[in-house]
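We will go from stop to stop, selecting a few residues each time.

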Amino acid sequence: MTYSLHCGKRYPRACALSVQTLLRIFASLGLCGVCSSVVAGDESAFLDDSPVVLSASRLSQPLRDAPGAVTVLDREQIRASGLRDISDLLRLVPGFIATNAYGSYPVAGYHGLTRDRSNRMLVLIDGRSAYSPYFLGGVEWNNLGVDIDDIERIEVVRGSDSAAYGANAFLGVVNITTRKAMDSERFTASKQQGDGGIDDVSVAGTVKSGDLGLRIRARQQRDTGFANFYDGRNLELLDIRGDYQISNQLALETHAGANKAGIARGNYGDTGDPPRWTTVQQSYALARLRKSEANGDDWTLSYYHQHELGQDAFTQNYLIPVPLRVLFGLPASLNITTDSSYQTNRDDIEFERFQTLSDTTRAVWGLGWRHDSIYSPLLFYGVNTINTQEARLFGNLEWRPAAKWLFNAGAMIEKASLSGTKTAPRLAVNYHASSQQTVRAAWSRAYRTPTSYEVDSNTKYIYDGKVLRWTDEPAGSLRPERVTAWELGYLAELHSLATTLDVRIFDEKVEDMIQDAKIPLNVPADQLSPDRPEARTSVNGDRARIDGIEYQLMWRPSRRNWLSIAQTFMNIRSSEVGNQFEVRNQRSAPHVVTVISGSHEVGYGVNLSAAHYRYGRMNWEQTEQENLPPYHRTDLRLGYEFGAGGGKAEIFLIAQYLGQVNNEFKQRYTTDRRIFGGFRWEY
Amino acid sequence: MLSQLLPIRPMRALLCALPGPFARALECLCFAFVLLLVTTGGREASAATIAVVLSESRGAYQEFADALRAELRRDQQTHELLVIDSEQAASRSLADVQLVIGVGGKAMDVLAAKDFKAPLLLTLIPRSSYDKLPAARRDDHKTTGLFIDQPPTRYIDLVRVALPDADRIGLLAGRDSHDNVARLAQVARDRKLHPAVETINSEGEIYPAIQRLFPDGGVLLATPDTTIFNTQTIPNIILSAYRFRVPVVGFSQGSVKSGALIALFSTPSQLGTQSAEIASKVLAGTPLPAPQYPRIFSVGINTVVARSLSIEMESESVIHDRLDKAEHP
């Protein structure tokens, strides 16, 4: 007998924006174009206005003026790394650690406190949040909806920045900016294949017509995960970016896409977690209108919709405990289908304004609203769907009273239906000791809003109206997690030596961390399942204090030649609240992480790059038996570029995990040497 | 009858409105005054008609005409301005005017095809357009030009003054700008800078060219070649250069708004003012000057871009004055 634990409600239809719809939108906008020229002859180039392309919201803030520590990864660094996952790129950023929580599930985090989910950091792709509202929250790295080749740059805020990015910008913010459609090659194709079942293929084409640019990317990324485990993956992606210059001041940016992550999960021989194929599909559409003014001020109005559909169901033979057999008159065992499929919908709208107030003062402010809807009959028994809302108001004032001094004061006020109203402030002062040296001191407070699962989870395994197992109980109410951080930064940009030194000394106090807790089941004693007398719930619990120093020293005489060393020394102290918690965060990041990377253009089109990563002893899973020994990893990439077919081609060979077999996430997961190669052609 | 001699329409109207004897007395007075003006000599003596042929009667061209008129008035010139557009000029005789000023490319084309005796000043056109005039026209000693583009020396000096750390100057050359780019490159070499030139044949080649030009930073000097730098391409050029953290030096006010770090340009008003000065001299009997670059110019800086690129810059006026001093020590 096979029974479903689902309620009758079916999934609403996915609402991906089709390519055709997008093209229709563009066609309808095609009626207006950049203002017609008022100048006729060859003098037009001197007299006509052209679109404002570098207004405040498009410009990156110089590192020396940033109110926190920021690391920028550009296209050259991304290419030279040879890494296939965006999460892995964070290995290059001081303070970050990354791995795969099983072969098919990447995970990354800043300063530890990360288990198998990246739920204390935030990733934004062109302003779209990749923080999933489902389950424990966090970044779904397999469903970011961006191809690594379309990335223009990745700006990583090392630290907390809820004042600028809102809740969940808790420990680390990764801001991914993709290239404008107009700025992309007409056609690119790439393919790589090799050990570990690596088989990736990607193509992109760009259409430009006057003021309209459209880029379409299709990609498939496959591998088989860790050796001897059922953890392969098959990622498929379609992503479309459109840019339309409506007038010299007004521009429309659109993104639409759909992606599907097929992930192998489970363990051989484990009936509770059998080997199976699961999928997470995501679709999204974003539109951003940008009005730029001649003085560089601008405003943007953005809206996006994001839909996620997870499918995971398996049937297991469940042995019915004797008391329940007697109580309900049930057989010794039943085939029960556990269907943890879910669906989320997110709508987010934001207005942002960059404003020059005076010669010494600039401001950015804005407001936004978000609605999340999570449908999961398994997690939310009897309710099925949880709706949450969040309104936000934010602002930052930058004041430069003298050439050497820069003050930043910012705050975000958020009103969330799950955790009430919170204000996340940030204060920073930058002192430019010289044109090449900056000292920075900053203080901030940031929050992570509890997810619907953490607050409202209510999971019951029911057969014929009878509760066989009750695994999760609602927490009722939870306070958001809170981090209060102090930092002292030093930045030296020694142009004449082509050298940059970036140092951050930090002290981060994390409070009210949301933890699992066991509570006695709130059911009549005769209905208690004897094998599970308790249920899981969430409580505000652990505190952690993270302090240390991280730095990156980079010598980069030219764009494709560099040598860098980055190190993080950190100490995590954790204290428990009550007796039911183990002290488990202290090893959630190594005491020392060292990353040495470099790239060298040998000449004749040959490029050689290498990276060496050293992680000290740590424990991702935070259980006694999963203490991992220190490990190191060396990657090499050799590329040869040449002209082909009127375009540019590169053949490359990548070797990863040279020298040592590592246990990266769990002791039984081993990462062997991996060699793969491929080509990329652009026209 | 005398009133017909009075050039100014309101005065004529006033005379008609007055009773007979008064009118006649005033008319005599005015006539005496005009006589006095005529006989006392001075520049006003040769009140002449200047035909100002605008490519179009709006926008930048109108701004030019307004500045020209204002400058002549400020200089107490009484020349009559006949402001017409290029279409009117095509069908009208210019036999009765003493000087013709052609404003913009369209006006230049119409005037180049027309036969008239008066000297011709062509302005608000780039040098490359002027150079395309038939040699017979250029060498007839009756034609001169006041270009809209800046002298190569000033352009290169701008880089030296505003961005003293810049060593490498990248230039994009197109079909129409080989000569111009070669001139700029030569001046740059003379100034001990390192110019690098990439030739472009289509828009698609811009990005790879910028990539080749700046393996290690530098400055991109935009050149007035509409096949390369036009409203369609400027955004992409600026974005591509910004990606390599390469500042763009532009040649128009619009390019600064768009995202160029700094630009050197002469506005239509400034060219109008300088044209008025040339007109006054020519009508006073000075020979027609040789074709020239503008003397009056502006410097524009995009401070937002400067800050983003971490470039500390002097103010627009300081840079302008330094350039001025370099030219007139």
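Here is a tour of some strands, helices, loops and a chain contact.

**Before you start.** This is a predicted model: local features need pLDDT of at least 70, side-chain atom pairs count only at pLDDT 80 or more, and totals for chains, interfaces and linings use all residues. Residues are numbered from 1 along each chain as its sequence is written, while chains are lettered from A and ligands numbered from 1 in the order in which they are written.

Helices (H or I, at least four residues) and strands (E, at least two) are DSSP runs, numbered from the N terminus.

**Stop 1: a sheet in chain A.** Select β2, β9, β10, β5 and β6 of chain A. They form an open sheet of five strands in the order β2-β9-β10-β5-β6, with mixed pairing. Two strands pair if DSSP finds at least two bridges between them. The edge strands, pairing on one side only, are β2 (69–74) and β6 (128–129). Now pick β5(A), residues 122–125: it runs antiparallel to β6(A), with two bridges. L124(A) has S129(A) as its bridge partner in β6(A).

**Stop 2: a hairpin.** Move to β26(A), residues 459–463, and β27(A), residues 466–472. These strands are antiparallel and joined by five bridges. I462(A) faces V467(A) in β27(A). Two residues lie between the strands of this hairpin, and D464(A) in the turn has a positive phi of about 55 degrees.

**Stop 3: two loop residues.** Most residues other than glycine have a negative phi. Select N168(A), whose phi is positive, near 80 degrees. Its loop lies between α5 (162–165) and β10 (173–178) of chain A. Is N168(A) buried or exposed? N168(A) counts as buried because it has 25 C-beta neighbours inside 10 Å. The cut-offs: a residue is buried if 20 or more other C-beta atoms lie within 10 Å of its own, exposed if 12 or fewer, and partly exposed in between, with C-beta atoms placed from the backbone.

Next, K192(B). Its phi is also positive, at about 65 degrees, and it is not a glycine. Look for K192(B) in the loop between α9 and β7 (194–199) of chain B. K192(B) is exposed, because it has 8 other C-beta atoms within 10 Å.

**Stop 4: two crossing helices.** Select α8(B), residues 152–162, and α9(B), residues 178–190. Their axes come within 9 Å and cross at roughly 50 degrees. Axes are lines fitted to C-alpha atoms, for helices over the stretch in contact, and angles run from 0 to 180 degrees between N-to-C directions. The two helices are therefore oblique to each other. Angles under 35 degrees count as roughly parallel, over 145 as roughly antiparallel, 65 to 115 as roughly perpendicular and the rest as oblique. Show P152(B), T153(B), Y155(B) and I156(B) of α8(B): they meet R183(B), L184(B), V187(B) and A188(B) of α9(B). Residues are in contact if their C-beta atoms, placed from the backbone, lie within 7 Å.

**Stop 5: where the chains touch.** Show both chains. How many residues of chain B are in contact with chain A? The contact joins 46 residues of chain B to 35 residues of chain A. On the chain B side, α11(B) gives the largest share, eight residues.

**Last stop: a helix with buried residues.** Select α5(B). Its G105(B), K106(B), A107(B), M108(B) and L111(B) are buried. They pack against β1 (49–54), α4 (86–91), β3 (99–103), β4 and α6 of chain B.

Conventions:
Two residues are in contact if their C-beta atoms, placed from the backbone, lie within 7 Å.
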